Structures are given as C-alpha cells and as structure tokens.
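I went through the model for cavities, pockets and aromatic contacts.

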Amino acid sequence: MSKADKRPFFPEVKQVQQNPGAWIIPEKGLVIYAGANAMQAAKFMKEALTESCSWDIQLVEDEYERILLTCSGVDMQHQILDVPQEAEGYACSVSEQGMLIQANAYRGFLYGWFAMEQWLKAMSEEKEGKLALPYVTCRDWPDVAVRGHHFDFKGSVPLMSYVQETMERLARLKINTLLIEYEDQFPYASIPHVHKKNGYTSAEIRDMLDYVELYGMEVIPFIQCLGHVDYMLKHQEYAHLREDGLTFQLCPCHPGSLELVKKMIDEIVAWHPASRYIHIGVDEAMALGRCERCQGWLQETASARGREDRSKVDLFIDYVSQVADYVVSKGKKPMLWDDMFHSEKCVYRLKELPEGTAICSWSYYDNGRSNWVWWAGSYYSSKQWLEKDPGAIPKLNWLEDLPELEQDKIRAYWDAGEYPLYGTNNIPWIREYQELGVEVFGASCARGADHSNQWFANQNERIENVLFWAKYAKDSGLSGVISSAWTRFYSLSPSIEPWETGWLPQAAHACCAWQTSTSRDDFEALWTYLYAEGDPNLLKAIHLMEQGVNSLKSHYYFAAQLLLHQCEMKNPQMQRYVAFLKSAAKFSELVILLDIALREVEWVMYDLTNQPLGSDVIIQRGMKALDGLLADVGKWEQHALAICSDWMLRSEAEEMVMSKLHPFKVRAQVVKKHRSGQLQVEAETLEVR
C-alpha cells in the first residue's frame with residue numbers, strides 16, 4: 001500500500017493537510033517542550049518514543065501551552081496553530097521545526113499525541129539512515145461531547161491489570177467517560193457484607209481511578225438504588241429490605257432502603273470527587289408496589305391528599321425523587337435510565353424530579369427507521385405486518401388495539417410519514433424529554449444485549465446500534481452517548497460474553513461518536529488497516545459468524561475458524577482478540593451441532609414397548625455422534641478456560657466458561673441415563689427368554 005493510500009488515523013481526523021517535504025528526525029539531541037497542562041501527555045510521548053525508537057529525549061517544562069518535539073538548538077520561535085474552539089479540540093503539525101501539538105485542555109493534548117503517534121507509525125520511512133516524517137497539519141474535534149463506555153463488574157470480572165489496559169485502549173480511541181457499575185466489587189466500609197470475596201481492594205480501586213485521571217477520563221459511578229440489587233439483597237443481613245420477599249428489588253417504602261442507598265452514595269461520592277454525575281439506575285423496577293408496606297403507603301397517601309387511590313407511579317416518583325435529591329445535596333447531578341417513564345406512561349412526570357437530573361435513554365436494537373415502537377413496557381407494531389411479514393416484528397402487540405389517546409401520543413412522536421408501518425426509531429420519547437427541558441444522554445450496546453448463554457454478540461446488530469446512536473446524538477443535540485457492555489442480565493444470572501469479544505462494536509462506537517460522518521464501510525476499512533494489520537480475513541471471519549447467527553447453520557462457523565487460523569497478528573492484544581474469536585466460532589458451531597444431535601436421539605426417552613432399540617443402528621450412530629461432540633465440548637472448555645484465566649480470576653473464568661454449554665451436557669446425561677436403562681432392560685429380557 002502506498003503512503004497516499006494509507007489511512008493512518010483512528011478515529012479519523014477531521015482536517016488533514018499533507019504538505020510537501022519531511023522532517024528528518026535526528027537520533028540525538030531531541031527535546032520535548034511542554035506546558036503545565038500538557039505535561040502528562042508529553043510524558044506519554046517521551047515513553048512511547050523511547051520504547052519504540054530508542055531515542056534519548058529530554059523533557060523540559062515550557063512557558064507555552066503546547067507540546068513541541070524538536071531538536072535542541074532549533075529556533076524556538078513560538079508558532080500558533082488554528083486550534084478548534086471545542087473543549088477537546090486540538091491542532092498539530094509536523095514541519096521543519098519538529099512536531100507541534102496545541103490544544104485547549106489536557107484531553108486535546110492527549111488526543112493530539114495519539115494522532116501524531118499514528119502518523120509516525122504509518123507514514124515515517126527511513127532515508128539515509130534517519131527517520132523521515134512527512135509534513136502535515138491537522139485540526140480535529142469531536143462531534144459528540146460525552147463518548148462513554150460501560151464497565152460492568154457484575155460478571156466475568158477481569159484482573160485490574162486488564163482493566164487498566166482496557167482504559168488505555170479506550171483512551172486511544174478517544175473515549176472520555178467511563179460508566180462504572182461496581183456492584184459487589186466495591187469495598188464499601190459501611191456495608192461490608194456486600195463486598196465479594198476476591199473483589200477489588202481499596203488499593204486496586206485507587207489505582208484504577210488514578211488511571212482515569214492519567215488518560216483524561218471522567219467516571220460516572222453507577223449505583224442501582226431500586227431494582228437490580230440482588231447482589232445486596234441475597235445476603236440475609238438485608239433480606240428485610242426486599243420488595244415482597246424478592247432479592248431483585250428494594251422496597252421503596254422501607255426506611256432502611258433509602259438509608260442503605262445513602263450510605264453507598266456517601267462512599268461513592270467520597271471516592272469520586274471529580275465526577276459530575278452519579279447514575280442511580282431505577283430501571284426495570286418490575287415488582288414496584290407489590291408488598292404490604294407499599295400497598296399501605298399508596299392507601300395512606302391517597303387518603304391524606306383526598307384522592308381515591310394512588311398509582312405505583314406515585315410511589316416510584318416519590319422514592320426516586322428522594323434519592324435524586326440526596327445526590328444533588330452532595331453536589332452531583334443524578335442520572336437515571338428512562339424505561340420506567342415510558343413503560344408506565346408517565347414521561348410528563350420527569351419535571352417533578354430535581355432540577356439538573358439527567359436521563360439516559362437506552363435502546364439496544366435501534367438503528368433508525370423502525371417498524372416497532374417501545375411503549376408501556378412492550379413492543380408495538382401495526383397489524384398490517386401480519387400480512388406484510390409477521391417475522392419482521394418482535395412481538396404480536398398491535399398499535400391499532402391501543403386506546404385512541406395512546407395511539408395519538410405515539411403518532412405525535414413516532415410518525416415520520418409512514419405511520420403505522422414505520423416510525424422514526426424505537427425510542428421516540430427523547431424529543432418529549434427535551435421538550436420538558438431534561439438533559440438527555442443516549443445508551444447504545446456494544447456487548448451483552450442478546451442472550452445469556454452466548455460467547456459472542458451479533459456483531460452486525462451491535463455495530464449498527466452504536467453507529468445509529470452516535471449519529472442520532474449529534475443530530476438531536478444529546479449530551480453524549482454511553483455504549484453499555486453488560487456482563488450479566490442481573491446479578492444472579494450467569495455471565496454473558498467475555499469482555500474481550502466486544503472490541504469491534506466498541507471501536508465502532510468510538511470511531512463514529514468522534515466523527516459521525518464515518519460510514520460502516522469506512523469504519524471497517526479503517527479498522528482492518530489499523531487494527532487487523534491489513535488482514536481482510538479477520539473481518540471476513542466475523543461476517544461469516546454473523547451469517548451463522550442469522551441462518552443457524554454451523555458451516556459458517558466452521559469456515560470462520562479456517563479463516564481465523566490464517567490470521568497471524570503481531571500485536572499481542574490482537575492475538576488475544578483472535579484467540580477469543582476462534583473460541584467464539586467453535587462455541588457457536590457446537591451449540592448448533594449439539595442441538596441437532598440431541599434432537600436426533602432424545603426421542604428414545606419415549607417408551608416404545610417391545611422395540612429392540614438396543615440393536616438399532618440409527619440410535620447407535622446418533623449416540624456415537626453425541627459422544628464425539630461431548631468430547632469436543634470438553635476440549636472447548638479447557639481451551640476457553642485457559643485463555644480466560646490470562647485476564648480473569650480463575651474462579652470467575654470457571655463460572656463463565658463452565659456455565660455456557662452446561663445445559664447441553666445435562667440434556668445429554670438424561671438421554672444417556674435413559675439409554676443405559678433401556679439397554680439393561682433389554683439385556684434382562686433376553687436372559688429371561
């Protein structure tokens with residue numbers, strides 16, 4: 001590939017002008033001049049150049065807010081580049097003076113260095129024993145202000161070394177925010193029973209937060225304050241706070257619930273002084289108002305206010321307002337999921353929450369124009385799809401069956417000229433949130449949205465979802481987008497996909513949130529060139545796996561494995577990624593083949609009296625095939641356990657790996673046990689005869 005054809009930047013830089021000439025970089029006498037706000041980014045520059053090029057570089061604090069890599073003795077006349085006005089904007093150049101980066105703030109300097117590092121790796125060439133770097137001028141800034149990634153520590157919990165490595169990789173993708181869901185990994189001093197054995201220590205949390213600062217990121221701590229609290233309520237010490245005896249949800253009327261949440265907020269705020277937001281969850285509160293205490297509250301408050309009754313929405317708003325008020329009292333902005341508001345048809349009541357409360361609207365299958373809308377806790381489509389294509393819609397709930405007022409409401413926000421067949425997107429209520437003056441963030445999903453028992457997400461759905469949200473965030477004026485990456489659907493369920501399998505959709509989120517004009521084709525070309533080291537087989541294999549998801553045919557996964565075995569990456573991180581793709585392709589192939597093999601032999605559990613099944617060659621062949629697959633399962637488990645144990649605690653890796661194919665092993669055991677019984681009965685019958 002010629003240098004003119006190379007695309008060195010990921011995400012793409014908005015304005016790039018390659019100029020005639022090249023800076024001939026001397027091997028000795030190099031100096032980095034850096035202003036106070038740029039100093040840490042300059043240290044990263046020095047470390048990287050010293051390691052990759054073995055240059056002896058001096059780092060000097062400068063009076064100017066810039067990073068200048070030059071040769072000692074060069075005229076130090078101060079250049080001024082045209083830095084974009086955006087907070088994270090930066091400008092950089094390579095000229096006869098050297099490499100210059102200017103920015104408005106630390107993140108801009110950091111991102112400017114990451115861009116120049118990519119330019120150096122892609123475009124430099126050796127001339128007469130010295131490195132020549134083409135002249136260039138760049139200006140760059142993000143399209144979406146908050147570009148977040150979700151650290152979900154519920155499941156497949158990684159070693160802290162892997163977390164720190166992930167943070168560096170995300171920063172290089174220009175991700176600037178981390179939504180951290182600690183769950184039982186946080187060492188709460190006030191509620192010690194919650195901390196998981198072998199969970200993160202205070203020292204590890206401190207190291208992680210130091211990394212956050214180094215890489216210019218902001219943390220949004222995430223504390224579930226109503227539902228999804230199994231990790232606490234499974235302990236007997238907190239059983240009295242369960243809603244109707246359920247471990248999933250706190251009782252909002254028990255005074256101990258708010259007291260517990262306040263303790264958690266106090267500690268989280270103390271650990272995260274720089275965080276602007278605290279995410280308090282409140283999604284999927286499915287058991288709301290069920291217990292006697294909550295029923296009593298509804299009756300008492302209704303009577304006190306001269307009303308016949310009150311709804312569970314009143315209970316929800318009352319409790320959430322108290323939690324949000326407490327967050328505000330700590331100098332932070334509350335953030336919460338939006339689903340309960342449109343599920344309970346009470347979006348208008350957002351205005352009752354404290355001023356400054358932010359909504360995070362999540363939709364994981366949205367990619368724009370949609371034939372269904374999320375309303376009242378379910379998916380609604382037009383009845384016309386029964387004749388048009390019933391397989392194209394997710395549920396058989398009909399818009400036409402809703403009350404007229406609800407249809408009018410949906411049409412007001414969803415209709416884009418094709419009603420009722422199509423609408424704007426799955427979550428049209430964002431416009432209503434904005435009309436109420438509420439700050440809105442979007443939430444896409446890079447990993448963990450599909451099924452609990454899988455090893456690899458549907459990459460096409462994940463990528464289309466993150467690309468949609470990035471573009472929608474810019475076009476609709478959202479404050480930002482956080483790409484969620486769930487590890488369990490809830491605390492007591494098995495782990496979903498490993499962290500390592502979500503890098504492609506996460507890279508798509510980062511790439512498009514920075515530069516929303518990036519198309520799917522452009523993203524894949526950039527990713528293949530810069531991360532897949534130019535090897536097209538890696539993306540071809542992923543596309544084959546997507547076809548396997550859509551067709552449920554194992555041959556696609558087999559073909560993907562053949563391609564992946566040809567992918568020889570130089571980068572250790574990409575080597576690990578390819579290893580996980582191989583394990584994912586084998587896993588998916590096994591799932592399909594096991595299901596087919598079991599269906600071929602499970603019928604033997606039906607008692608066919610007087611049939612000599614012991615000598616049936618078809619059954620013998622089927623059981624032999626099943627035994628072969630079970631042997632492959634054992635090999636897959638050992639391999640998966642080995643590659644997971646490199647970045648996870650062994651106990652975490654064992655739970656995730658051994659839970660995946662366990663249902664098939666149980667089905668096989670039942671069949672084999674029944675088969676053994678049949679053979680024994682037949683043998684005894686023959687003896688009698």
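I started with the lining of the largest cavity: β9 (146-152), α3 and α14 each supply at least two of its residues. Helices here are DSSP runs of H or I with at least four residues, strands are runs of E with at least two, and both are numbered from the N terminus. α3 gives the most, with three residues. This is a predicted model: local features need pLDDT of at least 70, side-chain atom pairs count only at pLDDT 80 or more, and totals for chains, interfaces and linings use all residues. Residues are numbered from 1 along each chain as its sequence is written, and side-chain values use heavy atoms, with hydrogens and water left out.

**Cavities**

On a 1 Å grid over the protein atoms alone, a cavity is a set of points where a 1.4 Å probe fits but cannot get out; a pocket is an open set with protein on both sides within 12 Å along at least five of seven lines; lining residues have an atom within 4 Å of a point. Grid points are joined across faces, edges and corners, and a volume is the space filled by probe spheres set on the points.

I found two cavities of 30 Å³ or more. Ala, Val, Leu, Ile, Met, Phe, Trp, Tyr, Cys and Pro count as nonpolar, Asp, Glu, Lys and Arg as charged, and the others, Gly among them, as polar.

The second largest cavity has about 40 Å³ of space. Among its lining residues are Glu181, Tyr182, Glu183, Tyr188 and Met264.

**Pockets**

Which residues lie nearest the centre of the largest pocket? I got Lys121, Arg172, Leu530, Tyr531 and Asn571, out of 34 lining residues. The volume is about 1200 Å³. α2 gives the largest share of this lining, six residues. The lining divides into 19 nonpolar, five polar and ten charged residues.

The second largest pocket comes to about 940 Å³. Of its 34 lining residues, Asp450, His451, Asn458, Glu461 and Val549 are closest to the centre. α18 gives the most here, seven residues. I read 16 nonpolar, twelve polar and six charged.

**Rings**

I counted 36 aromatic pairs. Rings of Phe, Tyr and Trp (its six-membered ring) pair if their centres lie within 6.5 Å; planes under 30 degrees apart are stacked, over 60 edge-to-face, the rest tilted. Phe186 and Trp271 are edge-to-face, 5.8 Å centre to centre with 80 degrees between the planes. They sit 85 residues apart, Phe186 in the loop between β10 (177-181) and α4 (202-214), Trp271 in helix α6 (residues 255-271). Phe186 is buried, at 0% relative accessible area. Buried means under 20%, exposed over 50%, partly exposed in between (1.4 Å probe, protein chains only).

I then checked Trp375 and Trp429. Their ring centres are 5.2 Å apart and the planes at 45 degrees, so the pair is tilted. Both residues are buried.

Ring pairs also link a cluster that includes Phe151, Tyr162, Phe186, Trp271 and Trp499.

Last, charges over rings (NZ of Lys or CZ of Arg within 6 Å of the ring centre and within 35 degrees of the ring normal). Lys174 lies over the face of Trp514, 4.5 Å from the ring centre. Arg369 lies over Tyr422, at 3.5 Å.
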